Structure formats: C-alpha cells, structure tokens
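Here's a quick tour of one protein model. Keep the 3D view open and click along as you read.

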Amino acid sequence: MSETYVPMISSGTAGPLGVQHLPRLWQKVSLEASGKLAAGYPGIGRGFDAMTCAALGLEEQAVKDFIKQNKPTYPQFEAWVKKNAKTLTPEATEKHNAAVRGYIHDDETRKGIVGACGIPDDASAPRDAVNLNNLDDWYEFHQAVLR
C-alpha cells in the first residue's frame, strides 16, 4: 500500500514570487499526481486553490498537467508560473494575498475544526481560514502519523 501525506505547507506561506498559498498548491498537486495525497484533500479544490489559479490567470488543468508531466521542484514550478501566469503583477499578488489573509470560514466549518482540536469555540478561537486550516492539517497529520 502506498503512503499518503497530509499537506503541511500553510496557505499563509509564499515563495520567492510572494504569492501566498502557491507553495501549498504545488505540494497538493504534486502529491496528487504521485498518488500520495491524503484522503479528503483535493489537488485543486474550490477554495484557496481556485482563488490562486484565478488570481494568477492560470488554467487549473494546465497546472495539473505541468506538475504531473514534469514533477518540478518548487523553484521550477515558480519559473513555470512566471512564464504562464496572465496576471502576475505586484497589484494582483497583493490583492490575492489580502484575500487569502482575510478569508473567514463559516461558523459550521470553524466549529468542526476547533471541536476536533479540543479548542473552546470562544472569542479566542481563530476565525480566519489560514489558521483554521493549519489547525485542521496538524490535527489530520497527528491522526494519520503520530497516533
């Protein structure tokens, strides 16, 4: 049986291009292309993955195809992004990064994540999707690897 991996790069992480979530997108699609992405994680989902592709003017299938065919390192993927992105400008990057930082999960999603992690759902609980997704990934990693 092949091993699968929970993606552990945060959506709040940017590589040298400065685009938040792009390293996580690369990791998820790379794992999916190798048949190693943990269950429950899409290679390119409808949230930050789709937002990132749209912000850069990249076709989702082209991203998947490039990664599957070339198995690039992250710097090689960024070089491809630089060549193929239709809207890779400082303004588009900052607008996208602000959207990532400012995205708030709905109450049901937040409650599910903090509940699974044993965190009280009070005023101190995170509301933003980046931190909630980090907690969710860490919990899933713990369940899959450390238990």
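This is a predicted model: local features need pLDDT of at least 70, side-chain atom pairs count only at pLDDT 80 or more; totals for chains, interfaces and linings use all residues.

Helices here are DSSP runs of at least four residues, numbered from the N terminus.

- Rolling a probe the size of a water molecule over the atoms shows where empty space is left.
- The largest pocket comes out at about 340 Å³. It has 19 lining residues, and Lys 28, Gly 47, Phe 48, Asp 49 and Asn 133 sit closest to its centre.
- Helix H1 (22-33), helix H2 (48-56) and helix H7 (129-146) are the elements that each give two or more residues to that lining. H7 supplies the largest share, with four residues.
- By type, the lining of the largest pocket has six nonpolar, seven polar and six charged residues.
- The second largest pocket holds about 190 Å³ of space. Its lining includes Glu 3, Tyr 5, Tyr 41, Glu 140 and Phe 141.
- What kinds of residues line the second largest pocket? Eight are nonpolar, one is polar and two are charged.

**Aromatic pairs**

- A pair of aromatic rings is described by the distance of the centres and the angle of the planes.
- Searching the whole structure turns up five aromatic pairs. In one of them, Phe 48 and Tyr 103 have ring centres 5.7 Å apart and planes at 75°, so this pair is edge-to-face.
- That pair joins distant parts of the chain, since Phe 48 is in helix H2 and Tyr 103 is in the loop between helix H5 (90-102) and helix H6 (107-117), 55 residues apart.
- Phe 48 has 8% relative accessibility, so it counts as buried. Tyr 103, at 40%, is partly exposed.
- Phe 66 and Trp 80 make a stacked pair, with 4.8 Å from centre to centre and 15° between the planes. Phe 66 belongs to helix H3 (residues 60-70) and Trp 80 to helix H4 (residues 74-84), 14 residues apart.
- Phe 66 and Trp 80 are both buried. They also belong to a cluster linked by ring pairs, together with Trp 26, Tyr 74 and Phe 77.

**The core and a buried threonine**

- The largest nonpolar core has 17 residues, and Leu 22, Val 63, Phe 77 and Val 81 touch the most other members. H1, H2, H3 and H4 are the elements that give two or more residues to this core.
- Leaving out residues up to four places away in sequence, Val 63 touches Val 29, Ile 44, Cys 53, Leu 58, Phe 77 and Trp 80.
- Beyond its neighbours within four places in sequence, Thr 52 is in contact with residues including His 21, Leu 22 and His 96.

- Most residues other than glycine have a negative phi.
- His 21 lies in the segment before H1 and counts as buried because its relative accessibility is 2%.
- Lys 71 isn't a glycine either, yet its phi is positive, at about 45°. This lysine has 55% relative accessibility, so Lys 71 counts as exposed.

Note on methods:
Residues are numbered from 1 along each chain as its sequence is written. Side-chain values use heavy atoms; hydrogens and water are left out. On a 1 Å grid over the protein atoms alone, a cavity is a set of points where a 1.4 Å probe fits but cannot get out, and a pocket is an open set with protein on both sides within 12 Å along at least five of seven lines; lining residues have an atom within 4 Å of a point. Grid points are joined across faces, edges and corners, and a volume is the space filled by probe spheres set on the points. Ala, Val, Leu, Ile, Met, Phe, Trp, Tyr, Cys and Pro count as nonpolar, Asp, Glu, Lys and Arg as charged, and the others, Gly among them, as polar. Contact means heavy atoms within 4.5 Å. Rings of Phe, Tyr and Trp (its six-membered ring) pair if their centres lie within 6.5 Å; planes under 30 degrees apart count as stacked, over 60 as edge-to-face and the rest as tilted. Buried means under 20% relative accessible area, exposed over 50%, partly exposed in between (1.4 Å probe, protein chains only). A nonpolar core is a set of buried Ala, Val, Leu, Ile, Met, Phe, Trp, Tyr and Cys residues joined through side-chain atoms within 4.5 Å.
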